[in-house]
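Please keep the sequence and the model at hand while reading.

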Amino acid sequence: MEKNAKIYVAGHRGMVGSAIVRHLQQLGYSNIITRSSKEVDLRNQQQVFSFFEKEKPDYVFMAAARVGGIYANNTYRAEFLYDNLMIESNVIHASYLNKCKKLLFLGSSCIYPKMAPQPLKESYLLTGTLEYTNEPYAIAKIAGIKLCENYRLQYGCNFISVMPTNLYGPNDNYDLNKSHVLPALLRKIHTAKIKNIPTVEVWGSGTPLREFLHVDDLAEACLFLMENYHEAELVNIGTGTDISIKDLAMLIMKVADYKGEIKFDSSKPDGTPRKLMDVGKLKGLGWSPKITLEEGIKMVYKDVERMTFD
Ligand code: GDP
């Protein structure tokens, strides 16, 4: 990517899009274009097509999506499917029509079958049944991967797909009904600490295993792949190590210096038992993450200490 290339980051207000913009700016890219959802509603084909016709971006980072944690995914099932299908179809087709040089599509580790062998290799896509709680989101993301793959095959578009593991970092969502586990536990543990509440509620059994990547590492990996990867098959982006939800809660309690007890709420779902990425392919291409989970949690906890929650 030339430093003055026109780069459109879709979803620049979200955690992933904002990290990609920060990283591009740090590296001196000078022609980054963004639009808020009020300016261009990516679900609306006409608005997306007019925007692309006018701007004709050279490169597109597809970080726009309707996202959320286990509760939001399982509750707003129709919205997660419809919104994501529309956003992806419109942006990918508009990129093809306007001869975009390269597009990077962001998926998610939930595209892999619930009972797939671990760690999850890229080749396990479409080899089994999905986890029910996030099936609509996963189906939409699989459609996005297949759009990129088939626009490459039929039209020769240089569109690639990357699958990040669970992410956290600046601009995360701390709404307890919509957030993922890491920001939710940061908020709950911090609140319990400052209000002297003796217990903190953790959903499910605490036994599911999850892998966490700081979004600054993700942004670096996305730029690396935009420059160095030009093939149809998806690429996993993760750390290659996972942690149980209980141990994650204990690590956050240590960082926050909270001395209370964990109370498990078994009325809430566990979701998929484990989703650890196989990151051999990305490592082989020459990229590895830099921020350890403890360092990353310390970094975001500094932000959380400055926030006010109800
Ligand atoms: P998932 O990775 O798609 O399952 O999404 P989440 O990050 O929302 O949830 C991961 C795991 O953490 C699940 O087993 C949840 O039940 C568990 N968990 C524990 N406490 C919480 C919480 O307060 N919020 C969320 N979102 N998940 C929690």
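The points below cover the basis of the model, the ligand and then the cavities.

The model is predicted: local features need pLDDT of at least 70, side-chain atom pairs count only at pLDDT 80 or more, and totals for chains, interfaces and linings use all residues. Residues are numbered from 1 along each chain as its sequence is written, and side-chain values use heavy atoms, with hydrogens and water left out.

**Ligand surroundings**

- The ligand is surrounded by 17 residues, where a residue counts as near if one of its heavy atoms lies within 4 Å of the molecule. The closest are Ile-70, Lys-188, Arg-210, Pro-269 and Asp-270.
- This shell comprises 8 nonpolar, 5 polar and 4 charged residues. In this scheme Ala, Val, Leu, Ile, Met, Phe, Trp, Tyr, Cys and Pro are nonpolar, Asp, Glu, Lys and Arg are charged, and the others, Gly among them, are polar.
- Helix 6 (181–194) gives the most to the shell, with 3 residues. Helix 6 and strand 7 (199–203) each supply at least two. Helices (H or I, at least four residues) and strands (E, at least two) are DSSP runs, numbered from the N terminus.

- An N or O atom in the side chain of Arg-210 lies 2.8 Å from an oxygen atom of the ligand.
- A polar side-chain atom of Asn-166 is 3.3 Å from a ligand oxygen atom.
- A polar backbone atom of Ser-179 is 2.9 Å from a nitrogen atom of the ligand.
- Of the 540 Å² that the ligand exposes when taken alone, the protein buries 98%; areas come from the Shrake-Rupley method with a 1.4 Å probe.

**Cavities**

- There are 2 cavities of 30 Å³ or more. A cavity is a set of points on a 1 Å grid over the protein atoms alone where a 1.4 Å probe fits but cannot get out, and lining residues have an atom within 4 Å of a point.
- The largest cavity holds about 70 Å³ of space, and its lining divides into 4 nonpolar, 4 polar and 4 charged residues. Among them are Ser-109, Tyr-112, Glu-131 and Arg-274.
- The second largest cavity holds about 30 Å³. Its lining has 6 nonpolar, 2 polar and no charged residues, including Asn-166, His-180 and Phe-212.
- Strand 6 (166–168) and helix 6 each supply at least two residues of this second lining.

Key: On a 1 Å grid over the protein atoms alone, a cavity is a set of points where a 1.4 Å probe fits but cannot get out, and a pocket is an open set with protein on both sides within 12 Å along at least five of seven lines; lining residues have an atom within 4 Å of a point. Grid points are joined across faces, edges and corners, and a volume is the space filled by probe spheres set on the points. A polar contact is a pair of N or O atoms within 3.5 Å; within protein, one must be able to donate a hydrogen and the other to accept it, and residues adjacent in sequence count only if both atoms are side-chain atoms.
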